[in-house]
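Let's take a walk through this structure together. Have a look at the sequence and the model below, and then follow along.

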There are 2 protein chains.
Amino acid sequence: MKKRFLLAGLALALGTGYTLTAFSQVKPEVLVKQRQAAMTLQGKYFGPLAGMAQGKVPYDAGVVAYNASLLDALSRMPWDGFAESTKGEKATRALPAVYADPAKFKQAQDQLHTAVGALGAAAKGGNEAAVKAAVGDVNKACGNCHDNFREKQ
Amino acid sequence: MKKRFLLAGLALALGTGYTLTAFSQVKPEVLVKQRQAAMTLQGKYFGPLAGMAQGKVPYDAGVVAYNASLLDALSRMPWDGFAESTKGEKATRALPAVYADPAKFKQAQDQLHTAVGALGAAAKGGNEAAVKAAVGDVNKACGNCHDNFREKQ
């Protein structure tokens, strides 16, 4: 039983993707699912921070620090999923600009990394106003990328 | 335009969940989507390591270290999504044991955390055999939890 799982688990794992080294081997629909999963989780951990910045959720420095550290990891995850092979996929709102202007797309990713890094630093600093400003900058980075690279709904 | 996004983005973010502080306010189907997203990404970053441990993917110490650090973050993400409110959800293979035996479920989560932590330490140590053994332990932790808390397909 244990052994059966081990093998089944491995096959499953191998089916989901070779990160960094050879992601072109991963099926396009899997790449889309993975990058959307990263977006879903960025929403999960950014949501409460956006609420705090707007005064709709009580400010909690511990949650800010924790979520900022998870966002640091998550903000690295979506991008290798935007492989050329996913161009024709239906279940995505990615615009052709993702592939037509990779330099600008990379710039938008970098803007997010920078903003998330600054949020982490602000969270360590412990100044609530600075944290809220940093949350605003992360939100702007999300918005900038969505405006240019994601289809409007 | 910027401002419109800011508000729309905020509404979206708030819709996706209040992490840690008040997750019971998040819709059950959103919690399921978020926890499944975490599983999807654990598969993405564990897959290549499982492949290396089996000799099916060339060993790459850099990928091991990078993926291990992301797995450290990801392995913290699924669990608060298994709220009581998600018991009746259809689009999930979570077994009733998740809710009937929370102590055992927590133990299974802890086993994963421990194994992922040991993998990160092994990656820093740089001993290939130790890394591969640590990958095997992570795989066992995944399997143990799936065996007990996830419906067979």
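**How the helices pack**

Where helices α5(A) and α6(A) cross, the crossing is left-handed (the near helix is turned anticlockwise from the far one by less than a right angle; clockwise would be right-handed). By class, their contact holds 18 nonpolar, three polar and three charged residues. Helix α5 covers residues 102-125 of chain A and helix α6 covers residues 128-149 of chain A, and their axes come within 8 Å and cross at roughly 165 degrees. The two helices, α5(A) and α6(A), are therefore roughly antiparallel to each other (angles over 145 degrees count as roughly antiparallel, under 35 as roughly parallel, 65 to 115 as roughly perpendicular and the rest as oblique).

A word on how to read this. The model is predicted: local features need pLDDT of at least 70 and side-chain atom pairs count only at pLDDT 80 or more, while totals for chains, interfaces and linings use all residues. Residues are numbered from 1 along each chain as its sequence is written, chains are lettered from A and ligands numbered from 1 in the order in which they are written, and side-chain values use heavy atoms, with hydrogens and water left out. Helices are DSSP runs (H or I, at least four residues; strands are E, at least two), numbered from the N terminus. Axes are lines fitted to C-alpha atoms, for helices over the stretch in contact, and angles run from 0 to 180 degrees between N-to-C directions.

Staying in chain A, helix α2 (residues 28-53) packs against helix α3 (residues 61-74) at an angle of about 145 degrees, with their axes 9 Å apart. The contact (heavy atoms within 4.5 Å) includes A:Leu41, A:Tyr45 and A:Phe46 from α2(A), and A:Val63, A:Leu70 and A:Leu71 from α3(A). Its residues divide into 11 nonpolar, two polar and no charged.

Now turn to chain B. The axes of helix α3 (residues 61-74) of chain B and α5(B) come within 9 Å and cross at roughly 155 degrees. Therefore α3(B) and α5(B) are roughly antiparallel to each other. Here, too, you will find a left-handed crossing, with α3(B) passing α5(B). Among the contacting residues are B:Val64 and B:Leu71 of α3(B), and B:Val116 and B:Leu119 of α5(B).

**A pocket in chain B**

Which element gives the largest share of the lining of the second largest pocket? That is α5(B), with six residues. Among the lining residues are B:Trp79, B:Tyr99, B:Phe105 and B:His113.

Methods: On a 1 Å grid over the protein atoms alone, a cavity is a set of points where a 1.4 Å probe fits but cannot get out, and a pocket is an open set with protein on both sides within 12 Å along at least five of seven lines; lining residues have an atom within 4 Å of a point. Ala, Val, Leu, Ile, Met, Phe, Trp, Tyr, Cys and Pro count as nonpolar, Asp, Glu, Lys and Arg as charged, and the others, Gly among them, as polar.
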